[in-house]
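This report describes selected packing features of one protein chain. The sequence and model are shown first, and the description follows.

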Amino acid sequence: VPESLTANYQRFLSKNFQARARELGWIPRPGETDDARLLRPGLVSAVALYGGDRDLAAEAKTLAEKWLEDHAAVPPEIAGTVLTTAAAYGDVALFNRYLAAFQKTQDRQEKQRLIGAMTSFRDPAAIHAGMQAVLSKTIPLIDGFSLLLSSGQSYPDTRKMPFQFIQAHFDEIMKDRPSVFGNDLGAFLPYSGGSFCDAASRGELQSFFGPKVDQYAGAPRNLAQTLEGIDLCIARKAAQQDSVKAFLEKY
């Protein structure tokens, strides 16, 4: 979606999906169908995140704050989605509250929910705080390596932040040759370019990791797959963007 048509895209989503998303709301109701419960996380979060529904986003933030105080305040099946949606509209202050909750809990599910939420911020300061927390070992690498690789990749303005952070701190990150799940961390680092969709960014990724990948088992294949994914995205964009523009201009 071209930046100039983002508002049109939001209007398209609102016209087609907002009424149903608001009808469902964030909180399950007694007696509702299984279909409604399955539909809720994907639909309500999509309208809040991509449809720009500020009311649903504000409700998610309120519920996230309640969850931070009392986990029983939000049903478990919606808690992760609420936390990630709130993060997308949140700032570094909310990130710090998530981090404090992560450090406090010993529950693996809660830790995973919070890491997923911390990767979902689009505020650059919060994204940087997450990567820095892993670099400083405030968040253990085994829990937080996705913060290094994925934070901000869902949004055009921040999708290069993980790659740029790794470029700037590569020697510090790879000091003592860390591993994740028994594999070299270096094998996973090319995934920091997984959302790139232009030739210039592809070239930067290849130039940086190309001379390094032979040092880490699995890294050459992961880099090749990431570059192939970028090529496919570039081709898909070239094939589809004109028709996407023409469609969205109607809204």
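Leaving aside its neighbours within four places in sequence, with which residues is Ser 192 in contact? In this predicted model, Ser 192 touches Leu 149, Gln 153, Arg 159, Pro 162, Phe 163, Ile 166, Leu 205 and Phe 209. Ser 192 is placed in the loop between β2 (183-184) and α10 (199-209). Its relative accessibility is 0%, so Ser 192 counts as buried.

**The nonpolar core**

One of the partners of Ser 192, Phe 209, also belongs to the largest nonpolar core, which has 66 residues. Phe 209 is listed there among the residues with the most contacts inside the core, together with Trp 26, Tyr 98, Met 118 and Ile 139. Helix α7 (residues 124-135) supplies the largest share of this core, seven residues. Beyond four places in sequence, Phe 209 is in contact with Phe 163, Ile 166, Phe 170, Leu 189, Pro 190, Ser 192 and Leu 223.

Is Asn 222 buried or exposed? Asn 222 counts as buried because its relative accessibility is 7%, under the 20% limit. Ser 243, by contrast, is partly exposed, as its relative accessible area is 42%.

Apart from residues up to four places away in sequence, Asn 222 touches Ala 187, Phe 188, Pro 190 and Tyr 191.

**The packing of α3 and α4**

How do helix α3 (residues 54-69) and helix α4 (residues 76-88) pack? Their axes are 8 Å apart, at an angle of about 120°, and the crossing is left-handed. On the α3 side, the contact is made by Ala 60, Lys 61, Leu 63, Ala 64 and Trp 67. Helix α4 contributes Ala 79, Val 82, Leu 83, Thr 85 and Ala 86. By class, this contact has eight nonpolar residues, one polar and one charged.

Definitions and conventions. Residues numbered from 1 in each chain as written. Predicted model: local features only at pLDDT ≥ 70, side-chain atom pairs only at ≥ 80, totals over all residues. Heavy atoms only, no water. Core = buried A, V, L, I, M, F, W, Y, C linked by side-chain atoms within 4.5 Å. Buried < 20%, exposed > 50% of the residue type's maximum accessible area, 1.4 Å probe, protein only. Helix = DSSP H or I, 4+ residues; strand = E, 2+ residues; numbered from the N terminus. Contact = heavy atoms within 4.5 Å. Axes fitted to C-alpha atoms, helices over the stretch in contact; angles between N-to-C directions. Left-handed = near helix turned anticlockwise from the far one by under 90°. Nonpolar A, V, L, I, M, F, W, Y, C, P; charged D, E, K, R; others polar.
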